[in-house]
Amino acid sequence: MPRLESCAWSCSCTARGRHRSQLGGTAAGLAAKVGEMLSSSVSSPSLALVGRGARSPSTSSASSTASTTSTASSTLNWSQHLVQRSVVLFVVGAFMALVLNLLQIQRNVTLFPDEVISTLFSSAWWVPPCCGTAAAVVGLLYPCIDSHLGEPHKFKREWASVMRCIAVFVGINHASAKLDFANNVQLSLTLAALSLGLWWTFDRSRSGLGLGITIAFVATLITQFLVYNGVYQYTSPDFLYIRSWLPCIFFSGGVTVGNIGRQLAMGIPEKPHND
């Protein structure tokens with residue numbers, strides 16, 4: 001009996017030891033698997049972050065280089081377009097001033113001293129450059145004011161309309177030199193009506209009306225200053241050394257040059273902004 005009990009006890013102890021060893025092995029395996037999973041989950045984000053950190057400098061540098069290149073190219077295109085428009089407006093203004101001033105001289109409306117008359121179409125040499133510069137400034141100012149006010153000019157935006165506007169402006173100048181009225185007041189009122197009709201027919205914008213009036217006022221003051229200092233003079237002055245219809249000519253000229261500048265500004269690349 002003692003031997004049987006001892007054998008049974010030893011067998012039961014052995015079974016318990018095997019069971020415990022199996023449980024311990026299972027627990028150790030589970031712990032090892034959990035450790036591997038944790039290590040893999042920790043290492044993979046770190047690797048991803050390292051990879052992103054390694055790629056981000058090159059990507060950011062490439063994008064910054066591309067944006068700098070595009071900004072530089074757009075700035076160059078905008079500057080070239082601005083220079084081209086300025087040259088065209090200067091040439092148009094100088095040519096129109098030369099022709100119209102010659103008409104005024106032939107009709108003895110404008111008189112220059114003999115010492116300032118050049119051989120170039122019997123006109124003063126400084127008239128075409130000054131008028132060309134003024135035309136370039138006015139032609140660039142009109143589309144700039146339109147964009148600043150947020151009111152783009154869309155009324156009759158075509159070259160045919162611009163050419164008709166130039167023809168009407170030349171006709172107004174021709175009328176000021178050749179039409180004979182009983183007095184200068186009637187001539188001034190007629191030219192004022194024609195100038196307003198030119199604005200209504202080819203512009204109809206508030207910015208065009210405001211700039212036209214401003215140009216007429218400033219140009220009239222400059223002309224009065226030149227006449228007062230004896231640079232040239234007008235026959236039969238009736239409005240502070242000048243003719244009373246002269247502001248109408250300046251107004252219609254500003255509207256005409258403004259339409260030319262607006263037409264030239266169509267399709268211009270936008271000026272780059274530095275963020």
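Is Y241 buried, partly exposed or exposed? I looked this up first: Y241 is partly exposed, at 47% relative accessibility (buried is under 20% relative accessible area, exposed over 50%, partly exposed in between, with a 1.4 Å probe and protein chains only). Y241 is not a glycine, yet has a positive phi of about 75 degrees. I place Y241 in the loop between strand 2 (233-234) and helix 6; helices (H or I, at least four residues) and strands (E, at least two) are DSSP runs, numbered from the N terminus.

I note that the model is predicted: local features need pLDDT of at least 70, side-chain atom pairs count only at pLDDT 80 or more, and totals for chains, interfaces and linings use all residues. Residues are numbered from 1 along each chain as its sequence is written, and side-chain values use heavy atoms, with hydrogens and water left out.

I then checked R204, another non-glycine residue with a positive phi, of about 60 degrees. R204 lies in the loop between helix 4 and helix 5 and is partly exposed, with a relative accessible area of 41%. Most residues other than glycine have a negative phi.

Next I turned to salt bridges (a side-chain nitrogen of Lys or Arg within 4 Å of a carboxyl oxygen of Asp or Glu). I find three by this rule. R262 pairs with D146 at 2.7 Å, N to O. This pair joins distant parts of the chain, R262 in helix 6 and D146 in helix 2, 116 residues apart. D203 pairs with R262 at 3.1 Å, N to O. Here the loop between helix 4 and helix 5, which holds D203, is linked to R262 in helix 6, 59 residues away. The remaining entry is E158 with R164, at 3.8 Å, N to O; E158 is partly exposed at 38% relative accessibility, and R164 is partly exposed at 42%.

Beyond its neighbours within four places in sequence, L198 is in contact (heavy atoms within 4.5 Å) with residues including C165, F169, D203 and V255.
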